[in-house]
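Subject: Structure handover and notes

Dear colleague,

Here is the structure that I promised to hand over to you. Please open it beside this message, so that you can find each residue as you read.

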Amino acid sequence: MKAVSRNWAASVHLALSIIGLPYAVITKGICLANPISRIPSVCAYRSVYMPSATHIKARCPVYPGSHTNRFPVPDDKVDWETDWPQYSPVTYTAPFVLKKPVWADPEIGEFSPQFNSLDGSVDRRSHEDIYRILNGKPLNPHGRTGLDGRGLLGRWGPNHAADPIVTRWKTDSVGQRVLHTDSQRPMLQFVSIKRVDCGEWAIPGGMVDPGERVSQALQREFSEEALNSLQASPSEKEKIQKRITELFNSDGLQVYKGYVDDPRNTDNSWMETVAVNFHDESGNSVSELPLQAGDDAGQVSWIDINSSLTLYASHSHFLETVAKERNAHW
């Protein structure tokens, strides 16, 4: 399997607050092959293949954070290539997005975005392929969603995120790996946050800042979301950052790069992410640090990885890839 060769310097905006809410609440999230190949970058990521997520959550009946009902889109009408003259999507962009915060684009007609390219500091390229433009607006590459506009998202077209998946082996009181009773495979645990906006457990992640490498965003988001390093004492922050830096400088397993089936997606704006697994093999790195909730995390905890997990957006698919690639229980 060849490694993805797209430039890692994808860049979009991260603002920390919108009308009292963290920007991450609004804009972030929200499947194998061997051999594993290497990607030359600041951090070397191993890459595995995961099929594109199904276009299901992006068609949820009621758009999140609103009382707006999507135009119903049946499975056989999702593809833009399917002729459907009756299609009449509801137009909706959240009021605070229309107020033109610094992280959001203006309305189409008020500026001239360079879609499918690096547009100044905003990367409008998709991780997947060239997307179509119709009447000046980009079209969701995975099809109709029943809603026109940007919804809660700031950018027309792809809104890029980074999702760090930090894992450790589950161990017993004497430090031995715990095997699942059914599969007899060792069990993995991952750092998960409980989002305050929807109550779902999720991978701690967020948007990539302008000019920021994905590798940098992965480390920053984990610090801000899971370990709350920005609110720690100077000595605690130094200790935390040292261990995080050591872990994130190790080889990471690229789990996914592409479109995310996210309930905030619209016909013209959608989430894409790069998800990378950083594994604390020895258990003496971030595994030993007390977890605190930060940013939009209501709770943060080490959670067992298994197939019964119900997580935000496409995160369950990401964890399945991690478990199978590391020969762990799923």
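The notes below go from the whole protein to single strands and then to contacts between side chains.

Please keep in mind that this is a predicted model, in which local features need pLDDT of at least 70 and side-chain atom pairs count only at pLDDT 80 or more, while totals for chains, interfaces and linings use all residues. Residues are numbered from 1 along each chain as its sequence is written, and side-chain values use heavy atoms, with hydrogens and water left out.

**The whole protein**

The protein contains 5 helices and 15 strands, where helices (H or I, at least four residues) and strands (E, at least two) are DSSP runs numbered from the N terminus. Of its 330 residues, 56% are buried; here buried means under 20% relative accessible area, exposed means over 50%, and partly exposed lies in between, with a 1.4 Å probe and protein chains only. The accessible surface comes to about 14100 Å², and carbon and sulfur atoms account for 50% of it; such areas come from the Shrake-Rupley method with a 1.4 Å probe, and for residues only the protein chains shown count as cover.

**Strand β10 and its partners**

Strand β10 covers residues 188-195, and because 7 of its 8 residues are buried, it is largely enclosed by the rest of the structure. It pairs with β9 in the antiparallel sense over 3 bridges, two strands being paired if DSSP finds at least two bridges between them. In this pairing, threonine 167 stands opposite phenylalanine 190 in β10. Strand β10 is also joined to β11 (residues 201-202) by 2 bridges, again running antiparallel, and here isoleucine 193 stands opposite alanine 202 in β11. These strands, β10 and β11, form a hairpin with 5 residues between them, and glycine 199 in the turn has a positive phi of about 80°.

**Salt bridges**

How many salt bridges does the structure hold? There are 14, each being a side-chain nitrogen of Lys or Arg within 4 Å of a carboxyl oxygen of Asp or Glu.

One of them joins the side chains of glutamate 81 and arginine 132, at 3.3 Å from N to O. Glutamate 81 is in the loop between β2 (45-47) and β3 (90-93) and arginine 132 in the loop between β5 (122-123) and β6 (133-134), so the pair ties together parts that are 51 residues apart in sequence. Glutamate 81 counts as exposed because its relative accessibility is 62%, whereas arginine 132, at 43%, is partly exposed.

Another salt bridge is formed by aspartate 304 and lysine 170, whose closest N and O atoms are 2.8 Å apart. Since aspartate 304 lies in strand β15 (residues 297-304) and lysine 170 in the loop between β9 and β10, this pair ties together parts 134 residues apart in sequence. Aspartate 304 is partly exposed at 21% relative accessibility, and lysine 170 is partly exposed at 24%. Elsewhere, salt bridges that share partners join Asp105, Asp119, Arg124 and Arg155 into one network.

Arginine 155 is placed in the loop between β8 (147-151) and β9 (157-169). Is arginine 155 buried or exposed? With 8% relative accessibility, it counts as buried. Its side chain makes a polar contact of 2.8 Å with the side chain of aspartate 105; a polar contact is a pair of N or O atoms within 3.5 Å, where within protein one must be able to donate a hydrogen and the other to accept it, and residues adjacent in sequence count only if both atoms are side-chain atoms.

**Aromatic rings**

The structure holds 11 aromatic pairs. Rings of Phe, Tyr and Trp (its six-membered ring) pair if their centres lie within 6.5 Å, and planes under 30 degrees apart count as stacked, over 60 as edge-to-face and the rest as tilted. Tyrosine 131 and tryptophan 270 have ring centres 5.2 Å apart and planes at 85°, so this pair is edge-to-face. Tyrosine 131 is in the loop between β5 and β6 and tryptophan 270 in strand β14 (residues 269-280), 139 residues apart. Tyrosine 131 is buried, with a relative accessible area of 4%, and tryptophan 270 is buried at 0%. Ring pairs also link Phe71, Trp80, Trp84 and Tyr87 into a cluster.

With kind regards
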